[in-house]
Amino acid sequence: MGTNILEIHGLSMHYKIGGMLLGTKITAVDHIDLTLPGDKPQIMSIVGESGCGKTTLAKMILRLLEPSFGEVLIEGMPLSFYAKRKNKKAFLKKVQPIFQNPFSTFSSRKTVDTYLYETALNLDVAATKQEAKGIITEVLKSVGLDLANVAGKYPNQFSGGELQRISIARALIPKPRLIVADEPVAMIDASLRMNVVNLFMKLKDEYNVNFIYITHDLSTAYYVSDYIATMYRGNLIEYGKAKEILNQPAHPYTELLLESIPRVGKKWNEDMKLPDLESKEYGLHGCKFAGRCVYAKEICRSTKPGMLQLNADHQVLCFKHSGYQVAAGEANIGVNTAATGNHSDLSL
Ligand SMILES: Nc1ncnc2c1ncn2[C@@H]1O[C@H](COP(=O)(O)OP(=O)(O)OP(=O)(O)O)[C@@H](O)[C@H]1O
Ligand SMILES: [Mg+2]
């Protein structure tokens, strides 16, 4: 077994909104634990409806946000190590982002190849422009593009799909261990989404790189993933090997999500017909999904579930699988969440 590529321990993010005195806290990420093994390159998808905390989680992994509690380790190294100025470059060599909107990744006033050269030179991947050119040619080729057709052009001279492929090429330059892609296909025509997602599958072996693929687009997530993390209102509610989760979804919410992906490229927001119980869920002490769950019993409304390990490859945050009992050693999430602050939970 190699070192885990990613470990997340008790990670929480509380946003303060409103004034200092009368403001409230939003728990955008609620005490998440997660491990992505590093024995071979993996694609882990993070799925969940809008506002469930996917971007907040991604930003903490990318060091763009400081967690309120908990820690993230990349290949065994805590992110706090990279906070020192001299280690910042080392982080970008290891972890690279791809953002949702390729048109805002690149400034409209700079040619896109400028970014590629800057990345290669600034991260010490190449010592000279000539050396950088060789590397850039190679990464562009890997995403199906030719430097001769890219050089000297501005972002508006490319389609969204092409530009996203260029941002993937840029991310590959330092040969990172992990690429975090937050909704990378959301701005791309549905017909072209699979091309980008297929690229992830090809690149993971070619570059020995792991991907975190954050998406609304469940059909691509289930197609591409080795691991799937489902989030619901700040909680990780189900996590494990994609095959396990596809064949035997354990959380009622994941079951619903799976039922709602009949068509490629369709967002579940448009598909899912869930009762709007937002206001009722505000005061919940128990499972955040209980108000919507057909299996919910009293314990689900009164007690926070803890993560239950169903087998080596599959875990779920749901009482249904422990016979509606608090399993031994299971209640720690509720306990820890209570201990991490007296917040009013408005992440719902
Ligand atoms: N800077 C911020 N200040 C206050 N609240 C925030 C901030 N950023 C996000 N939130 C809130 O935190 C929660 C999680 O937001 P986040 O953007 O992480 O969700 P998401 O799953 O990425 O959603 P989407 O699918 O729409 O991108 C939401 O309730 C959101 O309104
Ligand atoms: Mg988001």
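The exercises below work through a predicted model of one protein chain, each with its solution.

Because this is a predicted model, local features need pLDDT of at least 70 and side-chain atom pairs count only at pLDDT 80 or more, while totals for chains, interfaces and linings use all residues. Residues are numbered from 1 along each chain as its sequence is written, chains are lettered from A and ligands numbered from 1 in the order in which they are written, and side-chain values use heavy atoms, with hydrogens and water left out.

**Exercise 1. The chain as a whole**

Find how many helices and strands the protein chain has, and what share of its residues counts as buried.

Solution. Begin with the elements: the chain holds 15 helices and twelve strands, where helices (H or I, at least four residues) and strands (E, at least two) are DSSP runs numbered from the N terminus. Next comes burial, which means under 20% relative accessible area, with exposed over 50% and partly exposed in between (1.4 Å probe, protein chains only). Of the 348 residues, 53% count as buried. Finally, take contacts, meaning heavy atoms within 4.5 Å: among those with a separation of 6 or more, 67% join residues 24 or more positions apart.

**Exercise 2. Helix H5**

Check the span of helix H5 (residues 129-142), and then decide where its buried residues lie around the axis.

Solution. The expected span is 1.5 Å times one less than the number of residues. For the 14 residues of H5 this gives 20 Å, and the end C-alpha atoms are 20 Å apart, which agrees. Now list the buried residues, which are Ala132, Ile135, Ile136, Val139, Leu140 and Ser142. Seen down the axis of H5, they fall within an arc of 150 degrees (taken from the directions from the helix axis to the C-beta atoms), so they line one face of the helix. The general rule behind such a pattern is that an α-helix has 3.6 residues a turn, so residues three or four places apart point the same way. The face of H5 turned away from the buried side carries the exposed residues Gln130 and Lys141. The cover over the buried residues of H5 includes helices H4 (112-122), H6 (147-150), H7 (160-172) and H8 (190-206).

**Exercise 3. How H4 meets H5**

Describe which residues of H4 and H5 are in contact, and of which classes they are.

Solution. On the side of H4, the residues are Leu116, Tyr117, Ala120 and Leu121, and they meet Lys129, Ala132, Lys133, Ile136 and Leu140 of H5. By class, this contact has seven nonpolar, no polar and two charged residues; here Ala, Val, Leu, Ile, Met, Phe, Trp, Tyr, Cys and Pro count as nonpolar, Asp, Glu, Lys and Arg as charged, and the others, Gly among them, as polar.

**Exercise 4. Helix H7**
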